[in-house]
Number of protein chains: 2
Amino acid sequence: MSSADLTGELFLAGDRRDGGSSALLHSHDPRSGERLEPGYRAAAPEDIAAACAAAAESFASYRAVPVERRAEFLRRIAEEIEGDASRIIARGVTETGLPEARLKGEVGRTAGQLRLFADLIVDGRPADVRIDHADESGPELRSQTVGIGPVAVFAASNFPLAFSVAGGDTASALAAGCPVVVKAHEAHLGVSELVAAAVVRAVRASDVPAGVFSMVVGEGREVGQALVKDEHIRAVGFTGSQAVGLAIVASAAERTEPIPVYAEMSSVNPCFVLSHALEQRAEEIASAFVDSLTLGAGQFCTNPGLLVLPKGAAADRFIAAASERLRASPPQTMLSARIHRSFEEDVAARASHSDLTTLVGPTMEKTGGPHEASGSLFATDAALFLRRPELQNEVFGPSGVVVQCDSEAELESVATALSGQLTASLHADPGDEAMVRRLLPRIESVVGRLIFNAWPTGVRVCDAMVHGGPFPATSAPGTTSVGARAIDRFLRPVSYQGFPGWALPDVLRDEHVVAWPRRVDGDNLVP
Amino acid sequence: MSSADLTGELFLAGDRRDGGSSALLHSHDPRSGERLEPGYRAAAPEDIAAACAAAAESFASYRAVPVERRAEFLRRIAEEIEGDASRIIARGVTETGLPEARLKGEVGRTAGQLRLFADLIVDGRPADVRIDHADESGPELRSQTVGIGPVAVFAASNFPLAFSVAGGDTASALAAGCPVVVKAHEAHLGVSELVAAAVVRAVRASDVPAGVFSMVVGEGREVGQALVKDEHIRAVGFTGSQAVGLAIVASAAERTEPIPVYAEMSSVNPCFVLSHALEQRAEEIASAFVDSLTLGAGQFCTNPGLLVLPKGAAADRFIAAASERLRASPPQTMLSARIHRSFEEDVAARASHSDLTTLVGPTMEKTGGPHEASGSLFATDAALFLRRPELQNEVFGPSGVVVQCDSEAELESVATALSGQLTASLHADPGDEAMVRRLLPRIESVVGRLIFNAWPTGVRVCDAMVHGGPFPATSAPGTTSVGARAIDRFLRPVSYQGFPGWALPDVLRDEHVVAWPRRVDGDNLVP
């Protein structure tokens with residue numbers, strides 16, 4: 001696509017506007033390092049304040065929009081993105097180096113997420129309607145959930161659509177009745193502009209208030225802090241590194257008014273291969289492990305960065321097969337120069353770590369552009385791993401650590417020593433049942449999603465998905481950033497006591513509540 | 001009762017133990033100021049650490065206790081408290097000055113809360129079971145909620161049972177599968193010991209791990225901070241003043257690992273009397289207002305501290321009637337010397353505030369003990385109120401402010417200017433419908449509970465209750481500390497992907513899920 005289609009402007013409550021700061025940001029083609037036009041002027045503090053004030057102003061009318069019309073708005077965003085998919089995908093390939101098929105898939109997922117939340121709010125389950133009629137214990141109470149208020153969304157680099165401008169955080173916040181101010185990710189500014197334009201077209205077509213959506217651009221430290229600290233913001237959604245996530249949590253803690261920060265940060269997604277499975281399928285599991293490790297150049301929050309297995313001949317077969325397959329994996333372009341630099345530094349640290357053995361070192365040869373990364377694999381013993389908490393740190397990219405255990409007790413100790421994770425996987429065959437039962441409670445206590453005989457990459461967007469987990473995987477383990485439950489982050493309950501029907505909100509009136517799942521006088525009812 | 005029944009010890013994981021600090025705390029009889037025996041040694045840092053470590057240690061086994069047995073444990077706590085009710089109530093009267101009938105009611109409420117959560121977890125709704133079978137979009141996923149981990153509970157002074165050692169926070173956390181470490185309130189140490197002993201008897205009788213319950217005593221600054229910052233603690237429940245609540249939020253923010261703080265802090269619970277209702281029922285409303293304002297010496301979070309009405313002849317009738325009734329209200333003993341001192345200071349500040357007119361000043365004459373408080377009532381104009389944010393500050397005790405508005409627009413402006421509240425009430429008669437509709441969206445956006453033609457004191461414990469609200473009413477507006485939803489604060493979702501039946505947790509197996517409300521492949525189902 002031609003960069004002439006892009007204006008380099010921000011979106012403030014429906015209007016395109018140049019950022020008020022002098023800083024000019026550019027995306028780059030990571031395949032060549034080439035700087036891409038147009039430049040985007042970073043938002044000035046006044047821009048952030050204006051976007052947040054417009055969000056707050058629009059909140060009163062947007063929250064009153066009936067769910068059916070809010071659902072139409074979400075579906076319209078999906079259509080507008082799909083309608084501009086060819087331009088979005090073309091720009092996405094240029095800005096991220098990701099293959100066209102992946103970006104096409106992401107358009108589908110992004111549209112699918114918007115439609116999931118549209119269906120969900122019409123279905124009524126997130127409203128959590130409860131009615132207790134008056135009895136000797138007290139007066140009638142009717143409750144539902146309402147939007148929490150304007151939400152700040154920080155776009156991620158690694159899902160330029162599904163976790164970005166109109167990704168899961170934005171979709172779930174808008175579905176909840178909350179206006180959104182997005183901070184675009186600087187690695188894909190053009191895609192962000194195209195997607196923001198699609199959202200703004202949907203805003204106009206759906207006759208929802210213009211302030212429900214703004215998108216700003218700028219360096220995280222200034223623009224991000226201003227956004228998190230703005231008095232109108234009531235919640236923050238973030239996906240990215242632990243360092244930035246914790247900085248956002250810290251900024252939020254400086255506010256007078258505490259607000260929730262839903263930061264999805266870092267995870268090494270441990271995979272446990274139990275002895276019978278290892279014995280039976282060492283080569284098959286090794287091969288699938290490497291495919292998951294290198295998928296998308298390893299740039300997934302669910303990348304399997306840690307593999308734990310019992311030491312022995314089968315482990316040697318596993319290591320040989322995994323090493324061979326990894327050496328045969330072609331280098332891949334990473335998303336940005338910054339991510340690539342961090343990856344190379346992290347891998348170099350692993351290569352020189354006294355407690356790690358290099359199984360497959362990074363190849364320095366580049367077959368393509370300057371930001372290609374090759375996979376690497378390291379090994380250590382459980383006893384060393386248990387003494388070195390830094391070996392649990394996420395390396396963002398295709399680099400894994402194999403932890404070899406001398407005994408089942410040691411394998412259990414590794415499971416017990418894990419910090420919070422998005423996922424953990426178990427590979428088990430007949431004969432491994434007892435060990436599965438031993439490990440499960442320990443693993444469950446530190447993860448959001450447990451996986452059986454499969455790999456963590458690939459996140460299904462559905463009711464039962466949990467993409468969350470204890471710290472440091474996220475800052476809010478009670479929540480998920482993917483799947484239907486994500487909307488709960490942006491809702492709060494409100495109760496109406498003793499109100500006559502005419503004064504109740506529509507969805508709490510008797511004629512409406514029967515259309516939704518609800519709890520009435522202690523009974524769970526469905527339509 | 002005789003203080004000989006009390007030992008002055010803490011409870012650490014089921015064992016009575018003297019606190020390790022040299023500080024000795026005593027409760028006092030607020031009716032006489034008399035110091036009560038025994039003294040309680042404050043917890044030393046090692047005591048806190050031991051209690052939290054025991055909680056963490058017990059978490060693994062307690063979370064695996066089936067809900068039916070967990071429910072039995074909660075019911076047993078209720079029985080143990082009821083079985084010792086006469087001693088608890090007698091000591092409560094001595095420590096709090098509250099009437100026996102009130103404390104008797106609180107025993108009932110506390111037991112009722114425990115049984116509500118017992119019924120709720122057996123009913124299965126909080127588990128939020130979701131199943132998505134495998135299809136073209138991905139593998140099978142089954143999810144439920146599990147306990148978040150050890151919870152620190154800070155007991156409140158004003159509900160020595162229902163918001164204290166075995167109050168709503170403790171009951172909902174234990175129901176969620178979370179061990180609890182309670183910091184007792186220093187104003188009712190004897191009641192705390194008796195209730196803690198009841199909990200510990202239930203722990204033993206129910207064969208749940210001893211570490212699920214500990215109770216410590218000490219000054220908030222040291223003991224409270226150590227508790228909030230302990231690495232094992234995963235969530236905090238607090239009810240009390242805004243200053244202490246914010247200090248706890250700030251302490252939690254200093255942790256490496258962010259944890260949620262559910263602090264219920266301050267609210268003035270505005271009551272709007274609309275013109276037709278005021279015209280028709282000025283005297284009746286005035287009388288009910290004063291009764292709610294002075295109930296329990298005004299020491300409720302839901303005390304109606306702010307009354308907003310249209311200026312005019314009817315307002316004059318309201319003020320005359322309210323003033324007369326308030327002057328006729330007998331002084332009441334407050335809960336503690338500290339609360340009484342704060343109340344007197346706050347009322348003195350109101351009496352000398354240039355923008356407040358004193359309608360009923362505090363009487364200095366004491367008919368009884370040293371900590372009696374008499375009610376006071378002040379008036380101001382909306383224009384002044386809107387310029388003076390400090391007039392929204394909660395005064396804990398029987399003191400109210402009447403805000404008189406020149407127009408309906410001004411009344412709406414007052415509603416719009418409100419900070420976050422637990423409740424807001426509307427008093428309306430035929431003819432007031434249009435004004436109700438204008439005010440509702442504004443009020444809903446700042447409160448947890450809206451009340452029609454009734455008063456905020458009195459909180460029904462049920463599914464639809466919301467005792468929460470935007471800051472500064474609470475630090476977490478997405479939650480409630482009273483009612484069934486309170487359990488959600490201490491749960492987090494976990495998803496199982498592709499697991500065979502034998503490896504699934506019991507409650508996610510097909511034969512169990514049919515007994516609970518659940519969502520399967522997008523359909524809401526109930527048993």
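## A parallel pair in chain B

In this predicted model, strand E5 (residues 129–132) and strand E22 (residues 518–520) of chain B run parallel and are joined by three bridges. Strands (E, at least two residues) and helices (H or I, at least four) are DSSP runs numbered from the N terminus, and two strands pair if DSSP finds at least two bridges between them. Within this pair, B:Val129 stands opposite B:Arg518 of E22(B).

Residues are numbered from 1 along each chain as its sequence is written, and chains are lettered from A in the order in which they are written. Local features need pLDDT of at least 70, side-chain atom pairs count only at pLDDT 80 or more, and totals for chains, interfaces and linings use all residues, while side-chain values use heavy atoms, with hydrogens and water left out.

## A sheet across two chains

E5(B) and E22(B) belong to an open sheet of twelve strands with mixed pairing, in the order E15(A)-E17(A)-E18(A)-E13(A)-E12(A)-E19(A)-E20(A)-E21(B)-E6(B)-E5(B)-E22(B)-E23(B). Its edge strands, E15 (357–360) of chain A and E23 (523–525) of chain B, each pair on one side only. From one strand to the next, the twist averages 20 degrees (axes are lines fitted to C-alpha atoms, for helices over the stretch in contact, and angles run from 0 to 180 degrees between N-to-C directions).

Helix H10 (residues 313–328) of chain A packs on the sheet and touches E13, E15, E17 and E18 of chain A; its direction makes about 55 degrees with that of E15(A).

Strand E20 (residues 447–452) of chain A pairs with E21(B) in the parallel sense over three bridges. A:Ile451 has B:Gln497 of E21(B) as its bridge partner.

## The interface

Chain B and chain A each contribute 79 residues to the contact (heavy atoms within 4.5 Å). The area buried between them is about 6500 Å², of which carbon and sulfur atoms give 54%; buried area is the accessible area (1.4 Å probe) lost on putting the two parts together, summed over both. In chain B, the residues losing the most area to chain A are B:Arg125, B:Arg460 and B:Trp502, together 12% of what that side buries.

Twelve salt bridges are counted between the chains, each a side-chain nitrogen of Lys or Arg within 4 Å of a carboxyl oxygen of Asp or Glu. One of them links B:Arg485 with A:Asp128, with the closest N and O atoms 3.0 Å apart. On the side of chain B that touches chain A, strand E21 (residues 491–497) supplies the largest share, seven residues.
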